[in-house]
Protein chains: 2
Amino acid sequence: MPVNYQTPSAETLLPVAGVRLGIAQAGIRKANRRDLCLISLVPGARVAGVFTVNRFCAAPVQVCRDHLSRSDIRALVINTGIANAGTGEPGLIAARATCVAVARALELAPEQVLPFSTGVIMEPLPVDRIERGIPAAMDNLDEANWYEAAHAIMTTDTVAKAGSRTVQIDGRKVTITGISKGAGMIKPNMATMLGFVATDAVLSQAALEALVKHAADRSFNCVTVDGDTSTNDSFMLIASGTAGHAEITSLDSADGRALADAVTSLAAELAQAIVRDGEGATKFITIEIEGGRDVAECKAVGYAIAHSPLVKTAFFASDPNLGRILAAVGNAAQNHPSLMDLDTSKVSLWIGDFLVSKDGGRNPDYKEEQGAAAMAPAEITIRVALGRGEARATCWTCDFSYDYVKINADYRS
Amino acid sequence: MPVNYQTPSAETLLPVAGVRLGIAQAGIRKANRRDLCLISLVPGARVAGVFTVNRFCAAPVQVCRDHLSRSDIRALVINTGIANAGTGEPGLIAARATCVAVARALELAPEQVLPFSTGVIMEPLPVDRIERGIPAAMDNLDEANWYEAAHAIMTTDTVAKAGSRTVQIDGRKVTITGISKGAGMIKPNMATMLGFVATDAVLSQAALEALVKHAADRSFNCVTVDGDTSTNDSFMLIASGTAGHAEITSLDSADGRALADAVTSLAAELAQAIVRDGEGATKFITIEIEGGRDVAECKAVGYAIAHSPLVKTAFFASDPNLGRILAAVGNAAQNHPSLMDLDTSKVSLWIGDFLVSKDGGRNPDYKEEQGAAAMAPAEITIRVALGRGEARATCWTCDFSYDYVKINADYRS
């Protein structure tokens, strides 16, 4: 059960003109699962993306980067079951063969197709099954298929993740709809996650690329479940360009800002949904770091807290053993050397509205009952002030429960 | 139940001439527990130590550093129950008051006493209880008390950890005996752990300081349970100087090497015992990294594997989902930028004797049954060759089980 998240109904997911989605059961790893999703784009659509920083990045990620740099993209193909990561040269050949098969079916060049895979690492991708599934996915292509697509890209997710926004640009209604998947191996840069957001807005390629980074930095790059950055993470932003308004060439314009806010809001909702559905999650935790010298060190402190198994198990138990948070703050310097001169006597810690720690020690007015009250709800906010600058950052995570172990120990069995 | 570790019998723990230990029940956090240990040293004994790098280092660690720099140490006092960390200025006052109380009882100067604490963070240290417990600990002082002392410093440990070695130096028998504690919040630099090793060897202060670092780098700084570096970690090496051989002034001499090997061997056994008793551990995992450009990047890769919750849960399940190890290798660069240019096509991975992955993908000859066979025993070795240099490093960790969550969710309740 995710923490305060429900899949929106199919009717609330708005079609994006020029973007059709088709789903099929290809039997990639197990039979009778929707495991193949094809997205077909109108001519003139633009695509931009951000990808995992894992050095063992998956074959499809390598092919995506190559194709995005070379061509106008007209189709995306997503499979679940097999990640096609840690597969070496044969994996690259398989990812390219997938693009060839889609290109043949849709009468495109192979480099106009972007491949995405999620699932088990170091297993070969059964391209033949994908090829056999493509006709059914083609027959299914429809602008109204976002709800089905959200389900088709799930792996250990317990719920499908999707959402829509509309915004007025230049007197025209612009629609934005997106889907995401992921529940474990979730960490900044990026989560094990696939995210696809499409809009009918009209943007230059440069503005689209700026927007995908802007939105990722405020959404998918702010979440962590278990600190493991996946090999396959991809967040793609598609602009079909059919909305009929004047082209947006900069995010600094009024129209650019309005679109950026709407896209970022949807991306944050989709990213938070991944944490809310984090493997075994029972709590949704917002970690706000302020008073740092720069955003990077604020993020380093936030993630040191978010990745600490001791902190996460304390949240699971609703146990205000908050000294563990101070210990995590003190450890952030190991991965972020600028924090080696952190003066812990200037650090303050709040849980909810309660000041727990200041001057390097416990706030004399803090009472354990306050901490227990703040830990009880399913949504918890921690705030840490570093006392050495003006920068701030936020990240979102979940707790660490028996079910996390169960899910990850049993995943393949 | 620790993985292949039993506390040695009391009789096999050899007394070290000039080092007496006394245990008491001081009721520091709970009644009827041995929670106070006093170590009294003969005049002329020398002490050196290494400490946590956590920025929120505990008050006793700060006092230890100060006293070690100022005086000849004649006593150590260790309490469990309360860590006296995250306690600000009042915590420092409490740690110093503990030294004053011990100094008064043993007729020393306060700066000749080193204080150590382990337990819950951000709670005040009840100095009055420690003061009231000191007479009983003094009455108990005896060179034969290592077995009792090993029990008195336990927190979430399920077994006491101790060992002895003897070595011939300059025709004399030299004895080395040590104890350690720790089971969670365990990470390099250092583990949440206290380690005390004493020898009757005669060493210069410089040689002793070199030896404590040499041994720590090959023992306590090679272990991790959960990636959380504690606020209180301390590893102390005591040389009572009573063995009657010529003073060792360098580890490069034959005698120096013999002593260093024996001390390091014991320290590694004590450090590994902490991992074997890791919270919820069911497997003991040795991670060997070779072919790196330097030791630091080998360690970074080793710890990226050792800290991955996905890898650790797969070991718990004996599931050869070994792609998760490649993903962890690929993530090491995030905390160690020199690895950003890691060429994954040159990385090889073995589990036990089986070559699992090479050329960036799966070894065609590898069979899943081999991985399953290698994952089944309680002791598992992983080897990763980075293919870019001659450096190597080893670290030791354990798996991640339901019981880890249970222990850490229930610790204070």
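Glu379(A) and Arg276(A) form a salt bridge, their closest N and O atoms 2.4 Å apart. A salt bridge here pairs a side-chain nitrogen of Lys or Arg with a carboxyl oxygen of Asp or Glu within 4 Å. The model is predicted: local features need pLDDT of at least 70, side-chain atom pairs count only at pLDDT 80 or more, and totals for chains, interfaces and linings use all residues. Residues are numbered from 1 along each chain as its sequence is written, chains are lettered from A and ligands numbered from 1 in the order in which they are written, and side-chain values use heavy atoms, without hydrogens and water.

Between domain 1 and domain 2 of chain A, the count is one salt bridge. Domain 1 spans 10-276 and domain 2 spans 284-410 of chain A, with bounds from an automatic or database domain assignment. Their C-alpha centres lie 32 Å apart. The contact (heavy atoms within 4.5 Å) takes 16 residues from domain 1 and 13 residues from domain 2 of chain A. These two domains bury about 1,200 Å² between them, 61% of it on carbon and sulfur atoms. Buried area is the accessible area (1.4 Å probe) that two parts lose on being put together, summed over both. On the domain 1 side, Cys222(A), Thr224(A) and Arg276(A) lose the most area, together 38% of what that side buries.

Chain B meets chain A through 62 residues of each chain. The area buried between the chains is about 5,300 Å², with 57% on carbon and sulfur atoms. Two salt bridges link chain B and chain A. Glu123(B) and Arg362(A) form a salt bridge at 3.3 Å, N to O.
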